[in-house]
Structures are given as C-alpha cells and as structure tokens.
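Visitor: Hello! Could you show me the structure and walk me through a few of its features?

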Amino acid sequence: MQIITNNAGKELKKHGDSAFPFLVSYERLSGYETGSFLWHWHPEIELTYIHKGEMLYKVNQNTFHLKEGQVLFGNANALHAGYMYHNQDCQYIPVTFDPKLIYGFFQSTICTRYVDPVIQNLAVCAVHIDYSEKWHETFRDRMLEVISLDKQKPDFYELDISIRMQLLWRL
C-alpha cells in the first residue's frame with residue numbers, strides 16, 4: 001500500500017465527504033510498501049495520534065520525533081511524510097478534517113478571526129503536542145474522545161465530534 005497522489009503531490013483519498021468532512025483512520029507504518037508514507041499534502045488539517053511505537057514525521061522542512069501518546073497537528077496544505085524510527089513499526093490514528101468543520105461557512109467570524117490566521121500562516125505547518133505545555137494533555141484527551149465517538153457512532157455523534165473539534169481548535 002502507498003498513498004495515491006496526483007502530479008502535484010496532492011493525496012487523492014477522500015477524507016470524509018461534503019456532508020461531514022471528517023475521517024478517522026487506523027494505520028501502521030508497516031502497512032506501507034516502504035515502511036513509510038511518502039510526501040504528500042491535502043487541503044484538510046490532520047491530527048495524528050501515536051497509538052503504539054514511535055515515528056519520524058516530516059512536515060515541510062521540519063522533522064518531529066513522535067512518541068507513543070503524542071499528537072501532531074499538521075496544518076492544511078502542509079507537505080508531510082512519516083518514517084519508522086530505528087526500523088520499528090508504529091501504529092497511529094490520523095484524524096483528518098476540512099477546516100469548515102470548525103468555522104461552518106466561508107467568511108464567517110470564526111473563519112476570519114480564528115481559522116484563517118492559523119491555516120494561512122506558513123510558519124505554523126505543524127505543532128508537536130508533546131506535553132511541554134499545560135494544554136497538551138487536554139488536547140490529547142479531547143482527541144481521544146473524538147476517536148472514540150467516531151468508532152462507537154452513538155446518536156448525535158457528528159454533533160458531538162463537531163463540538164469537540166471546536167474545543168480542540170480553541171486550545
């Protein structure tokens with residue numbers, strides 16, 4: 001398996017649909033032919049939770065050594081790739097979503113004041129949630145709630161996911 005991209009390196013896989021632009025995946029680096037996922041980008045934001053193992057995660061010119069329990073915020077349109085650390089497998093859970101899930105509609109106040117300044121800031125290609133800040137643990141807990149809601153799909157889960165994604169964004 002390998003990520004399918006167009007000539008510009010844009011990933012072709014759908015991340016949810018227009019009705020609910022949100023996707024949780026369960027991946028392992030050993031599932032890829034090369035033991036890594038190769039460089040690609042997409043207009044969606046990606047939050048990657050390291051479930052088991054470690055990974056070298058590259059975003060633009062930055063390399064992050066992600067360890068079990070850590071999260072990486074990967075910004076929209078950022079070029080990224082992931083590699084095994086010391087040839088050890090890594091299980092990870094990417095949560096990929098369209099920023100519309102946070103702001104609702106184009107040019108809303110939430111879009112112009114809180115989302116666009118982040119996704120248009122090229123200096124914020126990624127944020128390593130490594131517990132060096134007080135809010136990191138809360139971020140991880142909210143993300144795990146989102147993953148659990150997606151897995152269980154209880155009544156109103158889309159609404160509950162949207163609420164938690166906004167809480168994550170606020171952090």
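**Starting at Met1**

Guide: Welcome! At 48% relative accessibility, Met1 counts as partly exposed, and the model we are looking at is a predicted one.

Visitor: Where is Met1 found, and which residues is Met1 in contact with, leaving aside neighbours within four places in sequence?

Guide: Met1 lies in the segment that comes before β1 (22-24). With neighbours within four places in sequence set aside, the contacts of Met1 are Glu27, Gly31, Tyr32 and Glu33.

Visitor: What distance separates the C-alpha atoms of Met1 and Tyr92?

Guide: Along the chain, Met1 and Tyr92 are 91 residues apart.

Visitor: Is Thr48 buried or exposed?

Guide: Thr48 sits in strand β4, which covers residues 45-53. A residue under 20% relative accessible area is called buried. Thr48 has 0% relative accessibility, so Thr48 counts as buried.

Visitor: Which strands stand at the edges of the open sheet of four strands?

Guide: The order in this open sheet is β3-β8-β5-β6, with antiparallel pairing. Two of these strands each have a single partner strand, so one side of each is left without a neighbour in the sheet. Those edge strands are β3 (36-40) and β6 (62-66).

Visitor: Which residue in β8 stands opposite Met55?

Guide: Strand β5 (residues 55-59) and strand β8 (residues 80-84) pair in the antiparallel sense over five bridges. Opposite Met55 stands Met84.

Notes
Residues numbered from 1 in each chain as written. Predicted model: local features only at pLDDT ≥ 70, side-chain atom pairs only at ≥ 80, totals over all residues. Heavy atoms only, no water. Helix = DSSP H or I, 4+ residues; strand = E, 2+ residues; numbered from the N terminus. Buried < 20%, exposed > 50% of the residue type's maximum accessible area, 1.4 Å probe, protein only. Pairing = 2+ DSSP bridges. Contact = heavy atoms within 4.5 Å.
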